[in-house]
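Hi,

Here is the structure I promised to pass on. Have a look at it first, and my notes follow below.

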Amino acid sequence: MTREDDRKLLKAAYEAWDAEDWAIAGERLERLVRRHPDHRRAPVWWYDAALAHKFLRNWAKAYELGREAAARAKRGAEDPAFWNLGIAATIMEDWATAREAWRGYGLTVPDGDGEIVGDFGVTPVRLNSAAGGEVVWALRLCPARARVLSVPTPESGRRFGEVVVHDGAPNGERTVDGQVFSVFDELLLFRGSDLPTATVEVAAATPEDVRALSALFHEQGYAAEPASGVRPICACCSEGGLDQHPDHQVAGGQQVYVAAPADRIAGLMDAWCAAEPERRSWSGSVRA
């Protein structure tokens with residue numbers, strides 16, 4: 001190819017980029033940068049080629065090209081080439097590369113040879129973000145994965161305890177007691193949960209009775225959350241900033257989402273009622 005051909009290829013690549021035709025943009029950028037891997041603009045081309053494949057959810061290719069981009073990035077300077085490689089390496093379960101990528105970005109991660117498991121704090125995550133998504137609370141195990149702590153609604157397609165890979169770019173905020181948390185979009189389900197979600201009908205005299213129900217399930221390694229904590233909002237508001245009250249329990253008749261083995265739910269509900277029979281009841285119907 002001539003220099004003129006290279007210019008045409010570069011122009012076509014970024015025309016496709018502007019049109020969000022990620023397949024064409026990624027292919028043409030890769031073709032160009034493999035011809036000129038050490039050009040002064042090559043770090044940008046490697047990065048953008050990898051990013052195009054990230055947008056396509058082509059994780060093997062994002063990993064392959066991301067390694068080239070990170071090799072040309074400055075370590076410890078929060079270069080996004082390291083972050084995107086960290087995500088791709090996590091999905092490919094190349095934990096050595098993932099560790100190096102997070103450290104190259106400037107983060108501290110636990111030592112070891114296998115899966116990265118730490119406590120990076122809680123964060124809101126938008127599940128199934130491509131379809132609009134429900135925002136739940138999750139514990140970050142590493143910079144790119146989080147375990148779902150909430151009980152997602154049965155319609156969400158997700159379960160309590162599942163581990164999801166999430167993006168690194170915030171897409172909204174939630175403020176709780178003055179503390180601001182960034183919302184991250186789910187990229188994919190990393191590990192499923194065997195705990196199904198069911199809906200029970202309860203009557204509780206006080207909010208404290210509902211808290212006791214949640215505590216009882218939690219003690220067993222399960223979860224229960226009142227449906228009163230679910231607030232339907234539009235996508236625009238979800239991706240903006242919202243205040244969230246940490247205490248959303250209410251008294252009276254209501255639905256509660258529970259995550260537990262089907263054969264354990266009735267016994268746990270009966271135990272909850274037996275502790276305060278004058279104040280608590282449940283209908284006896286469990287809807288999965």
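**Aromatic pairs**

Counting rings of Phe, Tyr and Trp (its six-membered ring) as paired if their centres lie within 6.5 Å, I get eight aromatic pairs. One of them is Trp95 with Phe190, an edge-to-face pair with 6.1 Å centre to centre and 70° between the planes; planes under 30 degrees apart count as stacked, over 60 as edge-to-face and the rest as tilted. Trp95 sits in helix 6 (residues 95-105) and Phe190 in strand 5 (residues 179-191), so this pair ties together parts that are 95 residues apart in sequence. Trp95 and Phe190 are both buried, where buried means under 20% relative accessible area, exposed over 50% and partly exposed in between (1.4 Å probe, protein chains only).

Trp137 and Phe181 have ring centres 5.0 Å apart and planes at 90°, so they are edge-to-face too. With Trp137 in strand 2 (residues 135-142) and Phe181 in strand 5, that pair ties together parts 44 residues apart in sequence. Both Trp137 and Phe181 are buried.

Phe190 also has a charge over its face: Arg145, at 5.1 Å from the ring centre. The rule there is NZ of Lys or CZ of Arg within 6 Å of the ring centre and within 35 degrees of the ring normal. Elsewhere, ring pairs link Tyr14, Trp17, Trp22 and Phe55 into a cluster.

**What you are looking at**

This is a predicted model, so note the limits: local features need pLDDT of at least 70, side-chain atom pairs count only at pLDDT 80 or more, and totals for chains, interfaces and linings use all residues. Residues are numbered from 1 along each chain as its sequence is written, and side-chain values use heavy atoms, with hydrogens and water left out.

The chain has nine helices and 10 strands; these are DSSP runs numbered from the N terminus, with helices being H or I of at least four residues and strands E of at least two. Its C-alpha atoms fill a box of roughly 85 × 40 × 35 Å along the principal axes. Of the 288 residues, 44% are buried. Taking contact as heavy atoms within 4.5 Å, residues 24 or more positions apart account for 57% of the contacts with a separation of 6 or more.

Helix 1 (residues 3-18) has buried residues Asp6, Leu9, Ala12, Ala13, Ala16 and Trp17. They cover an arc of only 140° around the axis, which puts them on the same side of the helix; the arc is that of the directions from the helix axis to the C-beta atoms. On the other side, Arg3, Lys8, Lys11 and Asp18 are exposed. What covers the buried side? The cover includes helix 2 (22-35) and helix 3 (42-55).

Glu20, in the loop between helix 1 and helix 2, has a positive phi of about 60° although it is not a glycine. Glu20 is exposed, at 57% relative accessibility. Arg57 is another non-glycine with a positive phi, near 60°, in the loop between helix 3 and helix 4 (59-71). Arg57 is partly exposed, with a relative accessible area of 38%.

**Cysteines**

I find zero disulfides, a disulfide being a pair of cysteine sulfur atoms within 2.5 Å. Cys142 is buried at 0% relative accessibility, and Cys273 is buried at 11%.

Cheers
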